[in-house]
Amino acid sequence: MDALVIVGAGGHGRELLEVVEAVNEVEPTYDILGVLDDGEPDLDLLATYGVRHLGPVSLLAELDARYVLGIGSPYARRAIDRAATGWGRVPATLVHPAAMVGRRVTLGPGSVVCGFASITSNVLTGRHAHVNIAATVGHDCRLGDYTTLAPGARISGAAVIGDGATIGSGAVVRQGLTVGAGAVVGAGAVVIRELPAEVMAVGVPAHHRPPVPQLGWY
Ligand SMILES: CC(C)(COP(=O)(O)OP(=O)(O)OC[C@H]1O[C@@H](n2cnc3c(N)ncnc32)[C@H](O)[C@@H]1OP(=O)(O)O)[C@@H](O)C(=O)NCCC(=O)NCCS
């Protein structure tokens, strides 16, 4: 069994704990050492998963363990991944047993595919791409590094989701389009035109608003 830590003990981190539990039920694969978080996680809640808060994220430098990033922000995921790589750590890639991932799909290191998500054929993801519950990704798509597909997002065939982009819950991206790096697509939006980098797009059809405030993807 591979030793594993989850970085981030909030809601998403606990969702990843559930993914690991489901993976282990099918085949014992990971020995969860605990969670790392710079904040003060709810220890009672964590105890229900049978895991401990080991300490701050910087502890990863000393742990001989793989890691997954239970953090929604692509910026935070990128920063922690870069530090972890510098410390010589190697991420794990998680696929919930109830996800459908085609045989010609290549998931980048640290990527996570949650339950009921589906990724069909000839799809490539970058590092730490997160495909949340019930999100779907059609043929020939490319998901960049640190991309997030929120629950129920629908990415049609041959779309390109740029590094660090976030596609909100239930949003749709039409086939063949590119969503620029660091862009944020709001919940329920329908993207029918190319989106530049670092914009926020909402509505049906989606129109984009001024750049996302915290930006600076590059
Ligand atoms: C798009 C989003 C990122 C904007 O968040 P925000 O920067 O805090 O924006 P605000 O809530 O201040 O809204 C700004 C404006 O956009 C509108 N807006 C925000 N989200 C919208 C959405 N999903 N669809 C349509 N309009 C939206 C607001 O009505 C507001 O309009 P106004 O300026 O005319 O009043 C956010 O609303 C969103 O949809 N996030 C995705 C959530 C999600 O999928 N979460 C999954 C978690 S697992």
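Leaving aside neighbours within four places in sequence, Asp81 is in contact with Tyr67, Leu69, Arg127, His128 and Tyr146, where contact means heavy atoms within 4.5 Å. The model is predicted, so local features need pLDDT of at least 70 and side-chain atom pairs count only at pLDDT 80 or more, whereas totals for chains, interfaces and linings use all residues. Residues are numbered from 1 along each chain as its sequence is written, and side-chain values use heavy atoms, with hydrogens and water left out.

Asp81 is placed in helix H3, residues 74–86; helices (H or I, at least four residues) and strands (E, at least two) are DSSP runs numbered from the N terminus. Asp81 counts as buried because its relative accessibility is 2%; buried means under 20% relative accessible area, exposed over 50%, and partly exposed in between (1.4 Å probe, protein chains only). The side chains of Asp81 and Arg127 are joined by a polar contact of 2.7 Å. A polar contact is a pair of N or O atoms within 3.5 Å; within protein, one must be able to donate a hydrogen and the other to accept it, and residues adjacent in sequence count only if both atoms are side-chain atoms.

The ligand is surrounded by Ala150, Pro151, Gly168, Ser169, Val184, Gly186, Ala187, Met200, Val202 and Arg209, a residue being near a molecule or strand if one of its heavy atoms lies within 4 Å of it. By class, this shell has six nonpolar, three polar and one charged residues. In this classification Ala, Val, Leu, Ile, Met, Phe, Trp, Tyr, Cys and Pro count as nonpolar, Asp, Glu, Lys and Arg as charged, and the others, Gly among them, as polar. A polar backbone atom of Ser169 is 2.6 Å from an oxygen atom of the ligand. For Ala187, a backbone N or O atom lies 2.8 Å from an oxygen atom of the ligand. Taken alone, the ligand exposes 910 Å², and the protein buries 37% of that; accessible areas come from the Shrake-Rupley method with a 1.4 Å probe, and for residues only the protein chains shown count as cover.

Leu54 belongs to strand E3, residues 53–55. With a relative accessible area of 23%, Leu54 is partly exposed. Apart from neighbours within four places in sequence, Leu54 contacts Val5, Leu33, Gly34, Val35, Leu36, Leu59 and Leu63. Of these, Val35 is 19 residues from Leu54 in sequence and 5.8 Å away in space, C-alpha to C-alpha.

Most residues other than glycine have a negative phi, and most peptide bonds are trans. Asn122, in the loop between strand E8 (118–119) and strand E9 (124–125), has a positive phi near 55°. Ala134, found in the loop between strand E10 (130–131) and strand E11 (136–137), has a positive phi near 60°. Asn122 is partly exposed at 36% relative accessibility, and Ala134 is partly exposed at 31%. The peptide bond from Val204 to Pro205 is cis, with omega near -10°; Pro205 lies in the loop between strand E21 (199–202) and strand E22 (207–211).

The protein chain has three helices and 22 strands. Buried residues make up 50% of its 218 residues. The C-alpha trace spans about 45 × 35 × 30 Å along its principal axes. The accessible surface of the protein chain comes to about 9600 Å², with 55% belonging to carbon and sulfur atoms.
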